[in-house]
Amino acid sequence: MSVLSAVEMAPRDPILGLTEAFQADTNPKKVNLGVGVYQDETGKLPVLQCVRAVEQQMGQDPKPRGYLPIDGLKTFTGAVAELVHGPEAAASGKLVTVQTLSGTGALRVAGDFLLPLSNGKLLLSDPSWENHRAVFTRSGFEVGEYRYKAADDGLDFDGLVEDLKAAQKGTVVVLHACCHNPTGYDLSDEQWDTVVQLVTDGELIPLVDMAYQGFAEGPEQDVKAIKKFVATGRPVLNTVSFAKNMGLYGERVGALQVTCTDADEAARVLSQLKVLIRTMVSSSPTHGAAVVAAVLGDGQLKAQWIDELAAMRDRIKQMRRRLVDGLVAAGVTAANGKKDMDFIAEQAGMFSYTGLTQEQMVQLREKWGVYGTDKGRICVAALNDSNIDYVCEAIADVI
């Protein structure tokens, strides 16, 4: 009798499993809109020119790859502190920044850190990124939801407010800084003010997940929610990822930041985060963090990154508009008895919550080879001139 005989087969990851099915599909026109990876107009994952320049410099003068400190590469954490919170906050002694294995690693470290400090309850938006629930359940939280997406198009802000008001003191609330995944619907400035006030008044614990800095309005504008929480003077946690905005997906470059009330509190928080990181991964990888630090630490390269990021952001917006126009041209209009899908152009970031049903998404895969999640999410950043007309035709067929 094997000790492993009781191990059950786990279900496939709802997102990464799509890629496996896509790769096995023999349809020559197949399109993968499932995985959240930015692709350029040729359908390829680009290497940003600012990243290429740094790596060329590194290749000319290779450095030893020793272990990093537990909390990460100092030039990286310092640069991220200034990028997200500004020079004054970075130098205040109240901000803790630790390097993590991208945004997912930051979430897991945050979960393990917050569990004993909270009431054991955590709220996610409904819907949220598929992996959020799994990460925080593994950390030991009782995971619930607050309403976010309305039954029709747009936000259920009234439901969100009602659910946050009902949350118990000490509950962790996970919020998306920008480019909400999977819906693409972001809160307005006024709505953020309301949420910040509710979280503050209710003595809830904010954890702001920022996986797409720069993909909504720009790197400076997209941190507004974090800064609104910081302005309350109460502790706030936020994550950072450079997977999407620098194209460093496989390098797993991220950070967890904790804004504390004073330097003494920050020192104690850092000590506990280092214990958690030590027992999870001991220390983080060097290469990706060194690339980010070099880009952010050089004025010319940083400006180039901001320009390249703007180009990616603009291309996504163009694809949203092209998708809406293409669907109209394919007959997806209220006049034809089908739901108007103009709302897609109003969403932000890499993803769109199309409103398609699970049955329709299955039809897209099986009949057309167009892959998105069963909940109707597609990656708009994977659309380009060569596939958008085909995708519009496919969606029009299944609606």
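What covers the buried residues of H13? Before getting to that, a word on the ground rules. This is a predicted model, where local features need pLDDT of at least 70, side-chain atom pairs count only at pLDDT 80 or more, and totals for chains, interfaces and linings use all residues. Residues are numbered from 1 along each chain as its sequence is written, and side-chain values use heavy atoms, with hydrogens and water left out.

Helix H13 spans residues 358-368; helices (H or I, at least four residues) and strands (E, at least two) are DSSP runs, numbered from the N terminus. Its buried residues are Gln360, Met361, Leu364, Arg365 and Trp368, where buried means under 20% relative accessible area, exposed over 50%, and partly exposed in between (1.4 Å probe, protein chains only). Looking down the axis of H13, these buried residues fall within an arc of 140°, so they line one face of the helix; the arc is that of the directions from the helix axis to the C-beta atoms. The background is simple: an α-helix has 3.6 residues a turn, so residues three or four places apart point the same way. As for the cover, H1, strand E10 (370-371), strand E11 (377-379) and helix H14 (388-398) are included in it, with contact meaning heavy atoms within 4.5 Å. On the face turned away from the buried side sit the exposed residues Glu359, Glu366 and Lys367. After H13 comes Gly369, with a positive phi near 70°.

Over in helix H5 (residues 102-114) lies Leu107, which counts as buried at 0% relative accessibility. Leu107 touches Trp129, His132, Val135, Phe136, Leu207, Asp209 and Thr239, leaving aside residues up to four places away in sequence. Leu107 and Leu256 are 149 residues apart in sequence, yet their C-alpha atoms are 7.6 Å apart in space.

On the cysteine side, a disulfide is a pair of cysteine sulfur atoms within 2.5 Å, and by this rule the count comes to 0. Cys179 is in no disulfide, and the nearest cysteine sulfur, that of Cys178, is 4.2 Å away. Cys179 is buried, with a relative accessible area of 2%. The sulfur of Cys379 is too far for a bond, because the closest cysteine sulfur, in Cys179, is 11 Å away. Cys379 is buried too, at a relative accessible area of 0%.

Finally, Val7 belongs to the segment before helix H1 (16-24) and is exposed, with a relative accessible area of 59%.
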